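Subject: Handing over the two-chain model

Hi there,

Here is the structure I promised to pass on to you. Have a look at it first, and then read my notes below.

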Amino acid sequence: MKLKLLVLCLLLSCFSVASAQEGTSPPEDTLLFDSTLLPAPVTNLVAFDTENDHGHAITLEWEISVDDGAGKQSVAMYEVFRWVPDLMTAIPSFRDTLDYLKLRTSSSWSEPEPGSRTDSIHSVFAKLDMAQLEQKKETLERTIGQAIRDLPAAHAAYPENGSWQQVAVAPSGSVTAEDVGTKEKDSPDYLPDYSDFYYRVNAVTADPDIRTPSEIFGPVQSYGQWFNLGRLAVFVFVMIFGFLTIFFVSHARRGADLYVRPLAGIEAVDDAIGRATEMGRPILYVMGLGTADQIATIASFTILGRVAKRVAEYQTKLMVPAYESVVMAVAQEVVKTAYYDAGRPDDYKEDIVFFVTSLQFAYVAAVNGLMLRELPATNVYMGKFFAESLLLAETGAVAGSIQIAGTDEIAQIPFFIVACDYTLIGEELYAASAYLGREPILLGSLKAQDWAKAAVIILVLAGLILANLGVGNDWAWANNIVDFFRVVD
Amino acid sequence: MKRQIPVILVGMFGLFMIFQYFVPHESSEWVYEFLLDWTIIIGIFAMALGLWSLYRVSVEKIKTRKPAWGYNYLTLCGLFTMMFFGFTTQNGEAWGWFFPFLVSANLVLVLMIQASVNKGGRGLFLGLAGVFLVACVVIIVFDNTWGFHFETAQGLQSTMFRAFFDHILIPIFATMFSLLAFFIASAAYRAFRARNVMATLLLLAALIVMLRFHPFYGPLTPYIAPFMSKTSNWLMNVPNLAAQRAIIIGVGLGIVATALKVILGIERGYMGKG
């Protein structure tokens, strides 16, 4: 019985091994195609200057090898080669020598590690004294400068004194590649503009030694463009919007009555200042973490000016802790002018606006401490806010202050809405200065914004319809319109 | 003229910045980078103004004995110590007279402030400050275990700078940031109170979104979890995203409008004139 079982087990194990071998048999494709067979070359290779850029880049296009995904199916990738003159190859070694000479003639020179690149250069110059080294350095600097100037001529000497160098790789199936250099003359990737470049593309198999080069394409030159056509739609929109703004501002100047929807947050500013005056407690104005070049901070300056003027009239105390020193300097000027305009220059003190720190949470700690010590009657947060928004607003709520906030940071708006009494949402921050001043010129620009918003709504709807119809019906004109509005960087 | 020149400059450079966005040419980039360098230079000069402001405000608080005025000494000594760490490096393993110098330098600072804020005993404070100043000078001259580095940023890698930054500053920042969790809880409690129809809707939406991440429904999990997941995704991707995009479009237009107003000289709030 045991012997029978043993035989049965052996038979079963043989069967399982045989079936396992059947299961691991190579797929049919690998039997039919050899991935190292010499492939056909790519065809119709063209190279041209990359559009809408600052130059120093060439785009290549080709038709794939007939053995790429079909035929022998042996193409694994494409390698792009550019002919590079010897002069260009020599420049990096000149630079290494120059770097060595600069280091050697500086105070931070120390003996290089044996066997390093610096050590090999050092062995050539080791015996030179400082004056000779300085002379060598100056000569080499001149040589490198001249070599860079000679690069177009060296490229024009094709095919003399140069070699082919790989500049890009594209996977099989690709029909395009880009040879992107840099404009920095001291970079090893520097690609000179207005030089004759020659290219070829190799179809490479799984064995990198088996490859087929294409025909050579050239000469082609790179150069910078004066207008980025990929941003044409933005340009058109900015022009139209600029025209609308100027039109409505001039309309307002002629005395047109422009209605703007009241904003509760802005209307509360006066009441909040009045409350602070009655309570004899200060007003805290926080401009956030924005820098002076950000629009939210610029809008905050304007609001600060209005608030400071009212504060000066009511003779209330104002505190403006600044996160950035440039913002502090501008805010000081804004507050000073507001006090002068209010006719109370004597009440102005430079310490109304003061610098705290440029570290986010250190700033929060300082402002929160200020809130809990001084117990301001009103906290105004206007500008750019990040993770500190809720930390500030909640502490303000704990201190029992009336809080008015405004930011264009979408992620922080919910926090302010929850923790503050009034919140200006997004663009309302920019509009606040016009609301506060009620000056017709500023109100005119708000009208332009409303018209632009209407135009955006119409364009969104039209784009939605065109994109869907164009895709469904393959209408070229519909796709062209959609493409016009697609911004290409 | 005092107001016209800034407006003209802002208009000129503002217009250049607009056109620079559309001109990718190298020469346009060069001018752009040149102007950005200027902003860095201005920022560095403004930093000196900032430090002066911090010093003056702190000294003023000490002088007028405002609540918690003692902490201002800590602020100024901390500022001075970190600056000192940032500009010094060790020449070897030994500390030498590094810490006595640091203590002496801080004492000079504290005594000088005391001398400036105290009417009485000014001579004593100045005398003591002079003694510690001499001690500092002696240590600088004779102690070669450490040195000053003003040319490079090598000091930022110095042991004491890294130690203070990594083991004091970063834990303090982490503590401040972790407070956010508690503030979110208190803010959520306030926001989700069902006072009216809108607040109730907000509460329901928040519950659905929150419960999606905690699907502990026991035996009902296969029935409820997919519903919560789908509803939560819909809430986040449809009404929430639509509202966010509306705000983003408004913000974008507002930015362009404000920039145009500044460039055209209509908005002059940054000069203190609305």
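Let me start where the chains meet: the contact takes 66 residues from chain A and 57 residues from chain B, where two residues are in contact if their C-beta atoms, placed from the backbone, lie within 7 Å. Helix 10 (residues 325–341) of chain A gives the most to the side of chain A that touches chain B, namely 10 residues. That side of chain A has 36 nonpolar, 17 polar and 13 charged residues. In this count Ala, Val, Leu, Ile, Met, Phe, Trp, Tyr, Cys and Pro are nonpolar, Asp, Glu, Lys and Arg are charged, and the others, Gly among them, are polar.

Before you go further, please note that this is a predicted model: local features need pLDDT of at least 70, side-chain atom pairs count only at pLDDT 80 or more, and totals for chains, interfaces and linings use all residues. Residues are numbered from 1 along each chain as its sequence is written, while chains are lettered from A and ligands numbered from 1 in the order in which they are written.

Now to chain A as a whole. Chain A holds 16 helices and 14 strands; these are DSSP runs numbered from the N terminus, with helices (H or I) of at least four residues and strands (E) of at least two. Of its 489 residues, 37% count as buried, that is, with 20 or more other C-beta atoms within 10 Å of their own, the C-beta atoms being placed from the backbone. The C-alpha trace of chain A spans about 95 × 90 × 70 Å along its principal axes.

Chain A also has an open sheet of six strands in the order 11-10-9-12-13-14, with parallel pairing; strands pair if DSSP finds at least two bridges between them. Its edge strands are strand 11 (353–355) and strand 14 (422–425) of chain A, each pairing on one side only. Within the sheet, six bridges join strand 12 (residues 378–384) of chain A to strand 13 (residues 402–407) of chain A. One bridge partner to look up is Thr407(A) in strand 13 of chain A, which partners Gly383(A). Helix 10 of chain A returns here: this helix packs on the sheet, touching strand 9 (283–288), strand 10 (318–322) and strand 11 of chain A.

Finally, chain B is assigned domain 1 (1–66), domain 2 (70–191) and domain 3 (195–271), with bounds from an automatic or database domain assignment. Six residues of domain 1 of chain B are in contact with seven residues of domain 2 of chain B.

Enjoy exploring!

Best wishes

Notes. A residue is buried if 20 or more other C-beta atoms lie within 10 Å of its own, exposed if 12 or fewer, and partly exposed in between; C-beta atoms are placed from the backbone. Axes are lines fitted to C-alpha atoms, for helices over the stretch in contact, and angles run from 0 to 180 degrees between N-to-C directions.
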